[in-house]
Amino acid sequence: MPSYLLRVRSRFEAAHHLTAYRGAPEAVHGHSWQVEAALEATVLDGEGMGFDFVAVKRALDGLAARLDHQDINAVPPFDRLSPTTERIAAWFYAGLAEAIPGAPLRETTVWEGPDCSATYRP
């Protein structure tokens, strides 16, 4: 069955450090982060859309704003968990799933720079 893969992105600037990288805490450092939500639709609505980009963008930007210009290690749950890119991707997925119930969310990808990313798929 054909489907449509919709992608919506947001950006934020934030610092973090891994708490036990190779056995010791990392130095605090910053990244220009990017996050992308992917949704899959198999049907289009009467307007010809698989899902409303505006709703996804609003929710994604709201989550990104919670991390923007912050030390991620101070933002729950990362005040207890090492803020790896993998965990941040899962955090975005959970936040979007809660903010937009019923959205056909398939995955979230977080880049901590232009070349390195992690994707969370439940």
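This is a predicted model: local features need pLDDT of at least 70, side-chain atom pairs count only at pLDDT 80 or more; totals for chains, interfaces and linings use all residues.
Local features were taken at pLDDT of at least 70 and side-chain atom pairs only at pLDDT 80 or more, while totals for chains, interfaces and linings use all residues. Numbering runs from 1 along each chain as its sequence is written, and side-chain values rest on heavy atoms, with hydrogens and water left out.

Helices (H or I, at least four residues) and strands (E, at least two) are DSSP runs, numbered from the N terminus. Of the 7 residues in β4 (residues 105–111), 6 are buried, so the strand is largely enclosed by the rest of the structure. Buried here means under 20% relative accessible area, against over 50% for exposed and in between for partly exposed (1.4 Å probe, protein chains only).

Two strands count as paired if DSSP finds at least two bridges between them. On that basis β4 pairs with β2 (residues 29–41) in the antiparallel sense, over 6 bridges; A38 has E107 of β4 as its bridge partner. Strand β5 (residues 117–120) also runs antiparallel to β4, this time with 4 bridges, and T109 is bridged to T119 in β5. The link from β4 to β5 is a hairpin of 5 residues.

Next comes helix α2 (residues 85–99). Its 15 residues reach 21 Å from first C-alpha to last, close to the 21 Å expected at 1.5 Å a residue, where the expected span is 1.5 Å times one less than the number of residues. The buried residues of α2 are T85, I88, A89, W91, F92, Y93, G95 and L96. Their cover includes β1 (4–16), β2, α1 (53–67), β4 and β5, with contact meaning heavy atoms within 4.5 Å.

Then there are the rings. Searching the whole structure turns up 5 aromatic pairs. Rings of Phe, Tyr and Trp (its six-membered ring) pair if their centres lie within 6.5 Å; planes under 30 degrees apart are stacked, over 60 edge-to-face, and the rest tilted. F12 and W33 make a stacked pair, at 5.7 Å centre to centre and 5 degrees between the planes. F12 sits in β1 and W33 in β2, so this pair ties together parts that are 21 residues apart in sequence. Both F12 and W33 are buried. W91 and F92 have ring centres 5.0 Å apart and planes at 85 degrees, so they are edge-to-face; W91 and F92 are buried too. Ring pairs link F12, W33, F78, W91 and F92 into a cluster.
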